[in-house]
Number of protein chains: 2
Amino acid sequence: MIIVREVAQLRQAIAERRQLGANGAKAVNDSASVQQQYKVGFVPTMGYLHEGHASLMQKAREMSDTVVLSIFVNPIQFGPNEDLDSYPRDEARDLEVARREGVDIVFLPTVAEMYPQPTRTKIHVSALTERLCGASRPGHFDGVTTVVAKLFNMVNPDLAFFGMKDAQQVAVLQQMVTDLNMNVTIVPCPIVREADGLALSSRNVYLSAEQREQALVLSRSLRKVREVSEDVVRNTFTIRQIHQMVESTIASSPLADIDYIEILTFPGLEPILPEQRLSDVEEDIIVALAVKFGNTRLIDNIRLQKAEVLSHV
Amino acid sequence: MIIVREVAQLRQAIAERRQLGANGAKAVNDSASVQQQYKVGFVPTMGYLHEGHASLMQKAREMSDTVVLSIFVNPIQFGPNEDLDSYPRDEARDLEVARREGVDIVFLPTVAEMYPQPTRTKIHVSALTERLCGASRPGHFDGVTTVVAKLFNMVNPDLAFFGMKDAQQVAVLQQMVTDLNMNVTIVPCPIVREADGLALSSRNVYLSAEQREQALVLSRSLRKVREVSEDVVRNTFTIRQIHQMVESTIASSPLADIDYIEILTFPGLEPILPEQRLSDVEEDIIVALAVKFGNTRLIDNIRLQKAEVLSHV
């Protein structure tokens, strides 16, 4: 595993892997199409890696010839009162996880390497960033799209892997890639959960034992939504009823401070009329939550694909 | 010369040229560095090509193995009251010019090919876009940076050629490339002028004979600036005096309607104190003009490199 901290080294390491891949292909078959099949898979992270990240690396390993992991806590996606300074870091452990998952190249830049000057250039995706975390965290997604575009320009990946826990991030990045004709395929990967249902997050380490226990209402409320959607009687619930069911489940936890509960189309993130019945919605749906426990803000979501919602007969 | 109208064809044509280049290099020397030396040069334009564009293609031909030209009148860089609909177009003549200059691939997309959906993603460069044409044409540079990023992602050029007539555009694009770590070198090329001094522009065709004659005040005023900068006595003029000299020269033309006259650092586009003497400015300087003749807005500029301004002894 190669560990690089500078952009120039990163570009060089990837170019060498691609060149080796091209030479290998030549030995077998001298056609252009063979070289194009050589895939660089990229997993951008903020480190403090958990099994959710590991699942992204596994997927990347499975689908790519070279796997590149980046670890960078990106300052421009944090608001002034957010947890940039306290965001958990553990480089040594992260490198162990990367090694275990068969990563080829780890990119560990400093802030000065990523932003030698404060960036004057920002990428903004409209509409999709105005709801959910975009409303609670102004400027957050501009920071995400800008740093991901920078990383894509450094790595030039064929495939990039993102967890569906940040479903809005997946939708926003997919929109950016489409709109800007970036030559990369976004591969969304399923949420990974603890045995008791808590969605994995680097921020879970902030939780006290009591908060950790009460945070299970998030996944519990989303499981109820899944059950309703699969039930031939209850899938006639309206969006408003689903919303109320989720809200009352979360409110049963006295430590839960709800930031938002939203039921939207996915990936368009458009609102759905509250009176519409679940079984009548024509598009995929996301039920997305952000809930604070003390100073720790957790997010979770469930995506209902149209096929999974029994149709209302 | 290959003419393509779809992004997929463009990518394919460029991949084939790169592959041929790589195979050619292999025959000589099997090192990775040889392949990296294969250069794709890119000249993005809005068509109605003149000798200014031709000079960009010539520079690209000289510095690159494959030359790609794009012709696309980009709607999102025009304001609601600007000349999008009347912008001059002549595809047949443009293709002749491209052929004459030895272009390899011409990309001629439709608006629907470039924007299958209205773009929700915009790239914004701050500070540099707030003065000069950015102040007169709100949103213009977001349209430019966004379409250029799209084209860069389609062509993946090593070199991209832009005329210094749009000096602010060069500065803004260079900032975008640096900030977003785009793997391309911006090559600024000198302004090309008619024998009588008028800077070449596709918009010159709008001018009546009388407007065309009076428009010569632009280049005349800038030549005076050059003379002053090279004169050991007059280069102690202050920025304010230079500004007044340019303004009175342009005002001598009754049809000239001044949009702006600005004297700034280049490429930072920072203001310079009016009391500062020309010879004392520590950075390169740009004197930039936008002047309307009837409905036609012309721009011109002169760049004084520090070495060209005789130092004040």
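Two strands pair if DSSP finds at least two bridges between them. The views below apply this term, among others, to a predicted model.

**View 1. Strand 5 of chain A beside strand 5 of chain B.**
Strand 5 of chain A covers residues 121-125 and is joined to strand 5 of chain B by five bridges. The two strands run antiparallel. Within this pairing, A:I123 has B:I123 of strand 5 of chain B opposite.

**View 2. The interface of chain B and chain A.**
On the chain B side, 34 residues are in contact with chain A, and 34 residues of chain A are in contact with chain B. About 2900 Å² of area is buried between chain B and chain A, and carbon and sulfur atoms give 40% of that area. Between chain B and chain A there are 17 residue pairs in polar contact, with both residues of each pair at pLDDT 80 or more. Several elements of chain B each supply at least two residues of the side that touches chain A: helix 1 (7-28), helix 2 (32-36), strand 5 (121-125), helix 7 (140-155) and helix 8 (167-179). Helix 1 of chain B gives the largest share of that side, six residues. By type, the residues of the side of chain B that touches chain A are twelve nonpolar, 14 polar and eight charged.

**View 3. A salt bridge between chain B and chain A.**
The count of salt bridges between chain B and chain A is two. One of the two is shown here: B:R120 meets A:E270, with the closest N and O atoms 3.5 Å apart.

In strand 2 of chain A, A:V40, A:F42 and A:P44 point one way. A:G41, A:V43 and A:T45 point the other way, and the residues of both groups are buried. Strand 2 of chain A pairs with strand 3 of chain A, residues 66-71, in the parallel sense over six bridges.

**View 4. A:T66 in strand 3 of chain A.**
A:T66 belongs to strand 3 of chain A and stands opposite A:V40. Is A:T66 buried or exposed? Its relative accessibility is 0%, and buried means under 20%, so A:T66 counts as buried. Apart from neighbours within four places in sequence, A:T66 is in contact with A:R17, A:Y38, A:K39, A:V40, A:G41, A:R61, A:D104 and A:I105.

**View 5. A:R203 and A:D83.**
Over all chains, the count comes to 34 salt bridges. In one of them, A:R203 and A:D83 bring their closest N and O atoms to 2.8 Å apart. A:R203 is in the loop between strand 7 and helix 9 of chain A, and A:D83 is in the loop between strand 3 and helix 4 (91-100) of chain A, so the pair ties together parts that are 120 residues apart in sequence. Both A:R203 and A:D83 are buried.

**View 6. A:N204 in a loop of chain A.**
The loop between strand 7 (185-189) and helix 9 (209-214) of chain A holds A:N204. A:N204 has a relative accessible area of 13%, which means that this residue is buried. Not counting residues up to four places away in sequence, A:N204 touches A:L198, A:A199 and A:L298.

**View 7. B:R5 and B:E91.**
A salt bridge joins the side chains of B:R5 and B:E91, at 2.7 Å from N to O. B:R5 is in the loop between strand 1 (2-4) and helix 1 of chain B, while B:E91 is in helix 4 (residues 91-100) of chain B. The pair links distant parts of the chain, 86 residues apart. B:R5 is partly exposed, with a relative accessible area of 40%, and B:E91 is partly exposed at 37%.

**View 8. B:D300 and B:R193.**
The closest N and O atoms in the salt bridge of B:D300 with B:R193 are 2.8 Å apart. B:D300 lies in strand 10 (residues 296-304) of chain B and B:R193 in the loop between strand 7 (185-189) and helix 9 (209-214) of chain B, so parts 107 residues apart in sequence are tied together. B:D300 is buried, with a relative accessible area of 3%, whereas B:R193 is partly exposed at 33% relative accessibility.

**View 9. A salt-bridge network in chain A.**
A:R17, A:R61 and A:D104 are joined into one network by salt bridges that share partners.

Key
Residues are numbered from 1 along each chain as its sequence is written. Chains are lettered from A and ligands numbered from 1 in the order in which they are written. This is a predicted model: local features need pLDDT of at least 70, side-chain atom pairs count only at pLDDT 80 or more; totals for chains, interfaces and linings use all residues. Side-chain values use heavy atoms; hydrogens and water are left out. Contact means heavy atoms within 4.5 Å. Buried area is the accessible area (1.4 Å probe) that two parts lose on being put together, summed over both. A salt bridge is a side-chain nitrogen of Lys or Arg within 4 Å of a carboxyl oxygen of Asp or Glu. A polar contact is a pair of N or O atoms within 3.5 Å; within protein, one must be able to donate a hydrogen and the other to accept it, and residues adjacent in sequence count only if both atoms are side-chain atoms. Helices (H or I, at least four residues) and strands (E, at least two) are DSSP runs, numbered from the N terminus. Ala, Val, Leu, Ile, Met, Phe, Trp, Tyr, Cys and Pro count as nonpolar, Asp, Glu, Lys and Arg as charged, and the others, Gly among them, as polar. Buried means under 20% relative accessible area, exposed over 50%, partly exposed in between (1.4 Å probe, protein chains only).
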